[in-house]
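Here is a short briefing to read alongside the sequence and the coordinates. Please keep the viewer open as you go through it.

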Amino acid sequence: MSEKNIQDYIKQEISDSEVLLFMKGTPVFPQCGFSSTVVQILTQVGVKYKSIDVLSDNEIRQGIKEFSDWPTIPQLYIKGEFVGGCDIITEMYQSGELNTFLESKGIELQKPSI
Amino acid sequence: MSTSTDSFFNRPTAEIINKKLSEALKPTELDIQDQSHLHKGHSGAPKTGESHFYILIVSPLFEGKTRVSRQKHVFDILKDELKEKIHALSLKTLTPEEFNSLKF
């Protein structure tokens, strides 16, 4: 894909999914501790999300860094907005802000079944 | 200013980080921890150390900025190091007020 196509592809993916995580590896087999942390948080919060494995395509890996002007992976997008990487998501989770933020965006959270 | 980075003997990258962040952000707290030993053998991790850092920065310049823009500011200051030396960077960026409210 050309550079422009990659940027268009990323833009499209971000607008198509309410919650989208660019990560290294997959939710089942994360290939990096930081990606793994975000996966665990999203699972804990009970939000449905789509993930894209940047290790599967070097163009996406470089393209997403340019798109967001953010040099590291993972990157979480909620309703088209870049929310942060591992540190920010962890902080937001610990303070309860992540739940509030998701709910304020009208995203349904599944309460853990007991 | 308190810092756990009093000695930079054999830690050239930590020393550069310290210098650049101190100059640009005038931090009231700056803690630079080399966590490379926690990632030994991890794919892509250089064997030389100084590849994985955790940095706590408390600066009045973060006032009124979102988390994303604070971290972008730090990434921008360290962009050369991120390109060449730093493999992973974990950041905690706080204003003095936020930092004080964490201490109780």
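How many residues does the contact take from chain B, and how many from chain A? It takes eleven residues from chain B and 14 residues from chain A. Please keep in mind that this is a predicted model. The points below begin at the contact between the chains, move on to the sheet of each chain, and end with some local details.

**Where the chains meet**

- Between them, chain A and chain B bury about 1,200 Å², and carbon and sulfur atoms account for 57% of it.
- Three salt bridges are counted between chain B and chain A.
- Five residue pairs are in polar contact between chain B and chain A, counting pairs with both residues at pLDDT 80 or more.
- Which elements of chain B each supply at least two residues of the side that touches chain A? They are helix H2 (67-77) and strand S3 (88-94) of chain B.
- Sorted by class, that side of chain B has six nonpolar, two polar and three charged residues.

**The sheet of chain A**

- Chain A has an open sheet of four strands, in the order S2-S1-S3-S4 and with mixed pairing.
- Why is one side of strand S2 (50-53) and of strand S4 (81-84) of chain A left without a neighbour in the sheet? Both stand at the edges and each has a single partner strand, so there is no neighbour in the sheet on one side of each.
- On average, neighbouring strands of this sheet are turned by 25° against each other, with direction ignored.
- Strand S1 (residues 19-23) and strand S3 (residues 75-78) of chain A run antiparallel and are joined by four bridges.
- Within this sheet, Leu20(A) stands opposite Tyr77(A) in S3(A).
- Helix H2 (residues 33-45) of chain A packs on the sheet and touches S1 and S3 of chain A, its direction making about 160° with that of S1(A).
- Helix H4 (residues 86-95) of chain A lies across S3 and S4 of chain A, and runs at about 80° to S4(A).

**The sheet of chain B**

- Chain B has an open sheet of three strands in the order S1-S2-S3, again with mixed pairing.
- Its edge strands are strand S1 (29-34) and S3 of chain B, each of which pairs on one side only.
- From one strand to the next, the twist averages 10°.
- Six bridges link S1(B) with strand S2 (residues 52-58) of chain B, and the two pair in the antiparallel sense.
- Ile32(B) stands opposite Ile55(B) in S2(B).
- H2(B), which also supplies residues to the side that touches chain A, lies across S2 and S3 of chain B and runs at about 130° to S3(B).

**Salt bridges over all chains**

- Over all chains, the count comes to eleven salt bridges.
- One of them joins Glu81(A) and Lys105(A), with the closest N and O atoms 3.3 Å apart.
- This pair links distant parts of the chain, 24 residues apart: Glu81(A) is in strand S4 of chain A, and Lys105(A) is in the segment after helix H5 (97-104) of chain A.

**Backbone details to check**

- Which two residues does a cis peptide bond join? They are Ile73(A) and Pro74(A), with omega at about 5°.
- Pro74(A) lies in the loop between helix H3 (58-68) and S3 of chain A.
- Asp69(A) also lies in the loop between H3 and S3 of chain A, and has a positive phi of about 55° although it is not a glycine.

Methods
Residues numbered from 1 in each chain as written. Chains lettered and ligands numbered in written order. Predicted model: local features only at pLDDT ≥ 70, side-chain atom pairs only at ≥ 80, totals over all residues. Heavy atoms only, no water. Contact = heavy atoms within 4.5 Å. Buried area = accessible area lost by both parts, 1.4 Å probe. Salt bridge = Lys/Arg side-chain N within 4 Å of Asp/Glu carboxyl O. Polar contact = N/O pair within 3.5 Å; in protein donor to acceptor, adjacent residues only side chain to side chain. Nonpolar A, V, L, I, M, F, W, Y, C, P; charged D, E, K, R; others polar. Pairing = 2+ DSSP bridges. Axes fitted to C-alpha atoms, helices over the stretch in contact; angles between N-to-C directions.
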